[in-house]
Amino acid sequence: MSEKRPRLVSFNGRTFDIPVLKYRAMIHGIQAEYFHKAGDKWNSYNQRYSSDWHCDLLETLSDFGASARVKMNEVCAAFNLPGKIGVDGSQVMGLYDSGKIQEIRDYCETDVVNTYLIYLRFMYHQGRITTESYNKSIEELLLECEKKEHLKKFKEEWEITCGGNFVSVQRSGKIKSGQVVLKT
């Protein structure tokens, strides 16, 4: 892991996912030395404002609490993404109590796909990826969605929600304000 210095990307991961993973790792005696020692005082996985290490989209999109913290489903709606399909976080305990582990896994994997799409849009907004890279990443993701039933449903919802649209660019290289066109 230390050779690659992967970027963690999450949505509310700083206050939920990472603490849960830390506690579970400690319960099971799993070391995470690199996670705690990599970087320096200002740039590390544990530094709140170091989004090149851990990009918590909830934190970043709200300017670290300066503006409203918007739920993932609301961000997805604003970006014309499917968001939660059939299950939300408030139902996970009931699913667990009913032994529906596969449904929980499917729900979590769909959340990962939503997080990735929000992250792509954010990277595009920041100019870190080109329109071509953005569209290609979505095309590749949609191809992967064909491999699993619950992700096929996600793809169907995506096509309904945004009409199968990708980002369009004018000849000048500037994005047309508020316009997307079907990528063929």
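A polar contact is a pair of N or O atoms within 3.5 Å; within protein, one atom must be able to donate a hydrogen and the other to accept it, and residues adjacent in sequence count only if both atoms are side-chain atoms. With that in hand, here are the close-ups.

This is a predicted model, in which local features need pLDDT of at least 70 and side-chain atom pairs count only at pLDDT 80 or more, while totals for chains, interfaces and linings use all residues. Residues are numbered from 1 along each chain as its sequence is written, and side-chain values use heavy atoms, with hydrogens and water left out.

**View 1. The whole chain, as a starting point.** The protein chain holds eight helices and four strands, where helices (H or I, at least four residues) and strands (E, at least two) are DSSP runs numbered from the N terminus. Along the sequence they come in the order β-α-α-β-α-α-α-α-α-α-β-β. Of its 184 residues, 34% count as buried; buried means under 20% relative accessible area, exposed over 50%, and partly exposed in between, with a 1.4 Å probe and protein chains only.

View 2. Look for Gln 47 in the loop between α2 (33–37) and β2 (54–56). Why is Gln 47 counted as buried? Gln 47 counts as buried because its relative accessibility is 15%. A polar atom of its side chain lies 3.4 Å from the backbone oxygen of Lys 41. Leaving aside neighbours within four places in sequence, Gln 47 is in contact (heavy atoms within 4.5 Å) with Arg 14, Lys 41 and Trp 42.

**View 3. Helix α1 and what covers it.** Just after α1, Gly 29 takes a positive phi of about 70°.

**View 4. The largest nonpolar core.** A nonpolar core is a set of buried Ala, Val, Leu, Ile, Met, Phe, Trp, Tyr and Cys residues joined through side-chain atoms within 4.5 Å. The largest one has 27 residues, and Phe 11, Leu 57, Leu 117, Ile 118, Ile 138 and Trp 158 have the most contacts inside it. At least two residues each come from α3 (57–61), α4 (72–78), α6 (101–125), α7 (131–145), α8 (149–162) and β3 (165–169). The element giving the most to this core is α6, with eight residues.

**View 5. Lys 155 on helix α8.** Lys 155 sits in helix α8. Is Lys 155 buried or exposed? Lys 155 is buried, with a relative accessible area of 16%. Not counting residues up to four places away in sequence, Lys 155 touches Leu 142, Cys 145 and Glu 146.

**View 6. The lining of the largest pocket.** Which residues lie nearest the centre of the largest pocket? They are Phe 11, Phe 16, Asp 17, Tyr 107 and Asp 111, out of 29 lining residues. β1 (8–10), α1 (13–27), α4 and α6 each supply at least two residues of the lining, and α6 brings the largest share, eight residues. A pocket here is an open set of points on a 1 Å grid over the protein atoms alone, where a 1.4 Å probe fits, with protein on both sides within 12 Å along at least five of seven lines; lining residues have an atom within 4 Å of a point.
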